[in-house]
Amino acid sequence: STQKVLVFAGSAREASLNKQLAKLGAKRIEALGGEATFIDLKDYPCPLFDEDIETQGMPENVVKLREILAEHQGVLIASPEYNGFITPLLKNTLDWLSRPYQETPGLGLFAGKWAALVGASPGGLGGIRALPLGQQLLANLGLIVLPQPLSLPKAGSAFNDSGALNDAATGQKLDALCQRLVDVMANNHP
Ligand code: FNR
C-alpha cells in the first residue's frame, strides 16, 4: 500500500521560512523513497474556530483539508515559534481537523498517523520552545510523534538558491528525520 506524507507549514506568509523548510522536507522524503504532498495553508483559509460555525456546517476548506488528510498516513509539519508557542494558524487548523470530537481519544481522523515536526526561526534558538508543545498537541490528537524534532536557527540565511540547506550537518539531520518517517510508515512500527 502507498504511504503518503502530508507536508505543510504553520505559516501563511509568502516568504515563510517554515514553508521553505517544509518544501525541502517534502523533496527529501521523495528522494528517500517516500511520497509527499506539500500544501500551503494559505490556499485553505479557515475561520478562527467557533463551535457556532461548526454547528452551522463545516466550512468548505475544513472539509477539503479533512479529505486531503484522510489520503495520507503521516504528516511533516514545519512550525514557526510565536512567543514560545506554535502559531495560531497551526493550532486553528489542527483544532478544525480534530472535529467532530470523539469521546474516545485516538479515534479521530489523526489516529495512528505518524508525525514529524520541524521548525525554522530567524533567531538563534530556532524556535525550540515551540517544538515540544507542538509534539504534545500532535500526540493529544492520536498521532504517533517521532522524537528529536529538527529546529533550524538563523533560517534567514540557511537556504541556498535551490532551496537546499547551506549547512551539511543540518541537511543530514533533516534527512535522518525524513528517513525515519518513511521507514516507520513503511513498516508500521517504531
Ligand atoms: C515571532 N518570532 C519568534 N521567533 C522565535 O524564534 N521565537 C519566538 O518566540 C518568536 N515570537 C514571535 C511572535 C510573533 C507574534 C511573531 C509574528 C514572530 C519571529 C518568527 O520566528 C519569524 O517571524 C519567522 O520568520 C516566522 O516564521 P515564517 O513565517 O518565516 O515561517
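Colleague: Hi! Which residues come nearest to the ligand?

Modeller: Ser-11, Ser-16, Asn-18, Pro-80 and Ser-121 come nearest, out of 16 residues around the ligand. A residue counts as near if its C-beta atom, placed from the backbone, lies within 6 Å of the molecule. Bear in mind that this is a predicted model: local features need pLDDT of at least 70, side-chain atom pairs count only at pLDDT 80 or more, and totals for chains, interfaces and linings use all residues. Residues are numbered from 1 along each chain as its sequence is written.

Colleague: How do the residues of that shell divide by class?

Modeller: The shell around the ligand has 6 nonpolar, 8 polar and 2 charged residues. Ala, Val, Leu, Ile, Met, Phe, Trp, Tyr, Cys and Pro count as nonpolar, Asp, Glu, Lys and Arg as charged, and the others, Gly among them, as polar.

Colleague: New topic: how many helices and strands does the chain have?

Modeller: There are 6 helices and 6 strands, in the order β-α-β-α-α-β-α-β-α-β-β-α along the sequence. Both are DSSP runs numbered from the N terminus: helices are H or I with at least four residues, strands E with at least two.

Colleague: At what angle do helix 1 and helix 6 pack?

Modeller: Helix 1 (residues 17–31) and helix 6 (residues 168–187) pack at about 55 degrees, with axes 9 Å apart. Axes are lines fitted to C-alpha atoms, for helices over the stretch in contact, and angles run from 0 to 180 degrees between N-to-C directions.

Colleague: And which residues make the contact?

Modeller: Helix 1 brings Leu-24, Gly-25, Arg-28 and Ile-29, while helix 6 brings Leu-174, Asp-175, Cys-178, Leu-181 and Val-182. Contact here requires C-beta atoms, placed from the backbone, within 7 Å. By class, that makes 6 nonpolar, 1 polar and 2 charged residues.

Colleague: Where is the cis peptide bond?

Modeller: The cis bond joins Arg-99 and Pro-100, with omega about 0 degrees. Pro-100 sits in the loop between helix 4 (88–97) and strand 4 (114–120).

Colleague: What about the phi of Asn-83?

Modeller: Asn-83 has a positive phi of about 50 degrees, although it is not a glycine. Asn-83 lies in the loop between strand 3 (74–78) and helix 4.

Definitions and conventions
Two residues are in contact if their C-beta atoms, placed from the backbone, lie within 7 Å.
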